[in-house]
Amino acid sequence: MLKKIIIKEQFEPGFLGVFVNPFYLTRKSLLKNIKLISNEITGKTLDVGCGTKPYEKYFNSTEYIGLEVENTINKEEKKVDVFYKGDKIPFADKEFDSVISSQVLEHVFNPQQFLSEINRVMKPKAKLLLTVPFIWDEHEQPFDYGRYSSFGLNDLLEKHGFKIIKHLKSLNNIAAVFQLFNAYMYKISVRKKIIRQILTLIVMAPINIIAIILSKILPVNDDLFLDNIVLAEKVRDV
């Protein structure tokens with residue numbers, strides 16, 4: 001039971017997450033922004049790079065299919081319906097009403113091919129929910145290839161047949177700085193579990209609390225943020 005609670009707190013952090021999740025600030029903000037546009041994801045949905053499908057329950061999908069690359073690390077921890085080689089998506093043209101891809105694009109070496117394939121399997125006017133980091137450390141090495149500003153992401157999507165409907169910037173306040181500090185603390189302690197657990201409780205948890213308080217006092221800064229959350233519509237084939 002405790003393990004299930006801890007796992008839930010990783011992607012859907014509540015009060016307990018302040019004390020057990022080193023990435024509480026970014027995951028809390030990411031979930032909040034995904035929920036703001038989740039009702040746009042309907043019908044037959046493809047989750048590209050689905051992992052454990054942490055956000056599936058927030059969408060209005062009639063069918064939800066999780067797709068992952070065959071060489072994905074920790075296969076046993078994921079909830080995958082279909083594996084593929086990372087190039088051609090194994091579905092027919094114009095098959096899906098909606099597609100989501102959360103925190104995946106930065107791990108794609110060829111984003112042009114990736115987005116072209118997503119476009120191909122989407123119906124006309126189908127919706128794409130895409131989240132991708134702007135500022136974050138290298139992770140899941142060596143499969144970490146890029147970071148995207150809001151302008152770069154907009155240009156990339158337009159060139160591949162999409163029109164952005166809504167673009168949200170996640171953790172666009174002072175909490176971003178505190179989250180990066182916690183990420184640093186996590187990285188230097190990651191090889192020793194007991195040290196990481198101690199640091200999470202006595203160092204990162206107080207940092208989370210300070211960040212929450214200061215983020216309610218200090219203004220937002222749309223030039224400094226951790227994640228892009230984009231809702232786009234397919235407007236043409238590519």
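From the N terminus on, the elements of the chain run α-α-α-β-β-β-β-α-β-α-β-α-α-β. That comes to seven helices and seven strands, where helices (H or I, at least four residues) and strands (E, at least two) are DSSP runs numbered from the N terminus. Keep in mind that this is a predicted model: local features need pLDDT of at least 70, side-chain atom pairs count only at pLDDT 80 or more, and totals for chains, interfaces and linings use all residues. Residues are numbered from 1 along each chain as its sequence is written, and side-chain values use heavy atoms, with hydrogens and water left out.

Let's look at the overall form. Along its principal axes, the C-alpha trace spans about 50 × 40 × 30 Å.

Now step inside. A nonpolar core is a set of buried Ala, Val, Leu, Ile, Met, Phe, Trp, Tyr and Cys residues joined through side-chain atoms within 4.5 Å. The largest one here has 28 residues, and Leu46, Leu105, Phe114, Ile118 and Leu128 touch the most other members. Several elements supply at least two residues each, among them β1 (42-48), α4 (111-121) and β7 (227-234). Strand β5 gives the most, with five residues. A second, separate core of 13 residues includes Ile37, Ile41, Leu129 and Leu168.

Eight of its 11 residues are buried, so α4 is largely enclosed by the rest of the structure. The buried ones are Pro111, Phe114, Leu115, Glu117, Ile118, Asn119, Arg120 and Val121. Leaving aside residues up to four places away in sequence, Ile118 touches Val48, Ile89, Val99, Leu128 and Phe162; contact here means heavy atoms within 4.5 Å.

Finally, find helices α6 (residues 175-189) and α7 (residues 193-215), which pack at an angle of about 175 degrees with their axes 9 Å apart. Axes are lines fitted to C-alpha atoms, for helices over the stretch in contact, and angles run from 0 to 180 degrees between N-to-C directions. The angle makes α6 roughly antiparallel to α7, a label for angles over 145 degrees. Residues making the contact include Phe178, Phe181 and Met185 of α6 and Leu199, Val203 and Ile207 of α7. By class, this contact has 13 nonpolar, four polar and one charged residues; Ala, Val, Leu, Ile, Met, Phe, Trp, Tyr, Cys and Pro count as nonpolar, Asp, Glu, Lys and Arg as charged, and the others, Gly among them, as polar.

Terms used
Buried < 20%, exposed > 50% of the residue type's maximum accessible area, 1.4 Å probe, protein only. Parallel < 35°, antiparallel > 145°, perpendicular 65-115°, else oblique.
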